[in-house]
Amino acid sequence: MATTQTIGGSGTLFVGEDKSIRLGPVLNRAGIPVDMTGWNIEFVVSASDSSTEPILTRTATVIGVFNPDPLANTQEAEVVLTDDDLNLFRGSNILTGAKTYRHSWKRQTPNSETVLARGKFAPEKATAL
């Protein structure tokens with residue numbers, strides 16, 4: 001079951017910075033954590049949901065320890081974005097207004113390609129670089 005999440009906005013993500021972005025834990029329909037060990041997970045950012053070419057694609061690393069108990073599960077997928085990665089985006093500011101992109105986290109395991117999460121990706125621009 002894919003979740004919806006917004007990444008950025010309200011001073012949390014800026015063009016030209018290094019940033020670690022995480023997804024997790026992944027839950028099944030019953031709300032129980034799912035073990036992501038061995039999964040190939042991609043983080044993709046595009047101009048829109050209908051864009052055929054992504055602006056950025058990165059492979060996530062599964063970190064933490066899986067536990068079926070939601071309170072003890074620390075497993076997440078993590079992508080580290082560099083300043084060069086975030087310089088690919090035109091951020092919003094007071095003068096130019098909002099520029100929002102779309103992101104998704106995708107499980108790319110053979111015979112099990114699944115969208116895990118999707119939503120807005122909204123980097124901001126603080127100053128000219």
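A salt bridge, as I use the term, is a side-chain nitrogen of Lys or Arg within 4 Å of a carboxyl oxygen of Asp or Glu. I looked up the total and found 5 salt bridges in the structure.

The model is predicted, so local features need pLDDT of at least 70 and side-chain atom pairs count only at pLDDT 80 or more, while totals for chains, interfaces and linings use all residues. Residues are numbered from 1 along each chain as its sequence is written, and side-chain values use heavy atoms, with hydrogens and water left out.

**Salt bridges**

Side chains of opposite charge can pair when their charged atoms come close. I checked Glu17 and Lys19, whose side chains form a salt bridge at 3.8 Å, N to O. For exposure I call a residue buried under 20% relative accessible area, exposed over 50%, and partly exposed in between (1.4 Å probe, protein chains only). Glu17 is partly exposed at 22%, and Lys19 is partly exposed at 26%.

Next I took Glu78 and Arg22, which meet in a salt bridge at 3.2 Å, N to O. This pair links distant parts of the chain, with Glu78 in strand 7 (residues 76–81) and Arg22 in strand 3, 56 residues apart. Strands here are DSSP runs (E, at least two residues), numbered from the N terminus. Glu78 is buried at 17%, whereas Arg22 is partly exposed at 45%. I also noted a network of salt bridges that links Arg22, Glu76 and Glu78.

**The largest pocket**

I use a 1 Å grid over the protein atoms alone; a pocket is an open set of points with protein on both sides within 12 Å along at least five of seven lines, and lining residues have an atom within 4 Å of a point. The largest pocket has a volume of about 240 Å³; grid points are joined across faces, edges and corners, and the volume is the space filled by probe spheres set on the points. Of its 14 lining residues, the closest to the centre include Ser46 and Asp49. Strand 8 gives the largest share of the lining, 4 residues.

Asp49 also forms a salt bridge with Arg102, at 2.9 Å, N to O. Asp49 lies in the loop between strand 4 and strand 5 (56–59), and Arg102 in strand 8.

**Backbone**

I found a cis peptide bond between Gly24 and Pro25, with omega about -10°. Ser10 has a positive phi, near 55°, and is not a glycine. Ser10 is exposed, at 77%.

Definitions and conventions
On a 1 Å grid over the protein atoms alone, a cavity is a set of points where a 1.4 Å probe fits but cannot get out, and a pocket is an open set with protein on both sides within 12 Å along at least five of seven lines; lining residues have an atom within 4 Å of a point.
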